[in-house]
Amino acid sequence: MSDFRDDSHAARPAKARLRADILRRRRALPAEARAAAAAQVQVAVADLIRRFAPRCVAGYAPVGSEPGGPDLPDVLATAVGPGGRVLLPVLRSDLDLDWAGYVPGSPLPAAGRGLREPAGARLGAAAIGDAELVVVPAVAVDGRGVRLGRGGGSYDRALARVGRGVLTVALLHDGELVETVPAEAHDHRVRAVIMPGGLRPLSP
């Protein structure tokens, strides 16, 4: 849990303004620029996996203008190789995250809130604890590792179940590593970001 105790009455409106601004900029990105950025992020993610050789990676399936591109799950699975596992999230009705294994090339049916989710057997919310590398979405991150998400709290709950010392990485577009993300007590920080320019470790 974060050791910052910013007042939620101030932090939440500030988060909402920052989120709206960045999402507006994402939507304005030309398709060509978005695709080029996704390709660069994918190369950096694959390189990270090959260097660390995790046996289990928790990732996600980007939608819309999210960094990483729609084929990110296949990139993760290819980099992990046939001896490894990739877990993708499944949003529960309480906005917590369940997890399911991903097989390269498998369909990812549309689900609630515009998400794409694996159709395989649900492994439970605690399955993320098996991951040796966790790749998460973010709207913005600051130098302390404070992550701004979509506002539902799903990943704060999921990150609380990640093992100590596990590398947690958020994917961003250029310009989304910001000076300050307003922090609340429940926020869980990430240890690095990947942008089109590559991996950048942070100081949570």
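Residues are numbered from 1 along each chain as its sequence is written. Because the model is predicted, local features need pLDDT of at least 70 and side-chain atom pairs count only at pLDDT 80 or more, while totals for chains, interfaces and linings use all residues, and side-chain values use heavy atoms, with hydrogens and water left out.

Along the principal axes, the C-alpha atoms fill a box of roughly 45 × 40 × 35 Å. Of the 204 residues, 51% are buried, where buried means under 20% relative accessible area, exposed means over 50%, and partly exposed lies in between (1.4 Å probe, protein chains only). The accessible surface of the chain is about 9,600 Å², and carbon and sulfur atoms account for 54% of that area; such areas come from the Shrake-Rupley method with a 1.4 Å probe, and for residues only the protein chains shown count as cover.

Among contacts between residues at least 6 apart in sequence, 72% join residues at least 24 apart, a contact being heavy atoms within 4.5 Å. The chain carries 27 positive and 22 negative charges, and their mean positions are 1 Å apart. Here Lys and Arg count as positive and Asp and Glu as negative, with His and the chain ends not counted; each charge is placed at NZ of Lys, CZ of Arg, CG of Asp or CD of Glu.

Among the helices, α3 (residues 72–80) is largely enclosed by the rest of the structure, because seven of its nine residues are buried. The buried residues are Leu 72, Pro 73, Val 75, Leu 76, Ala 77, Ala 79 and Val 80. The partners against which these buried residues of α3 pack are α2, β1 (56–58), β2 and β7 (167–171). Just after α3, Gly 81 takes a positive phi of about 90°.

Helix α2 spans residues 31–52 and includes Glu 32. Glu 32 counts as exposed because its relative accessibility is 61%. The C-alpha atom of Glu 32 is separated by 29 Å from that of Gly 145, 113 residues apart along the chain. Gln 40 also belongs to α2, and at 42% relative accessibility Gln 40 counts as partly exposed. From C-alpha to C-alpha, Gln 40 and Leu 23 are 20 Å apart in space and 17 residues apart in sequence. In the loop between α2 and β1 lies Ala 53, which has a positive phi of about 50° although it is not a glycine. Ala 53 counts as exposed, at 53% relative accessibility.

Strands β2 (residues 85–91) and β3 run antiparallel and are joined by five bridges; two strands pair if DSSP finds at least two bridges between them. Within this pair, Val 90 stands opposite Asp 98 in β3. Strand β3 (residues 97–101) is mostly covered, with four of its five residues buried. The β2–β3 hairpin has five residues between its strands, and Leu 95 in the turn has a positive phi of about 75°. Leu 95 is partly exposed, with a relative accessible area of 22%. In the other hairpin, two residues lie between β9 and β10. Four bridges join β9 (residues 192–195) to β10 (residues 198–201), and these strands run antiparallel. Ala 192 stands opposite Pro 201 in β10.

Finally, three strands form an open sheet of mixed pairing, in the order β6-β5-β8. Its edges are β6 (147–148) and β8 (177–178), each with a single partner strand, so one side of each is left without a neighbour in the sheet. Strand β5 (residues 140–142) runs antiparallel to β6, and two bridges join them. In this pairing, Ala 140 stands opposite Leu 148 in β6.
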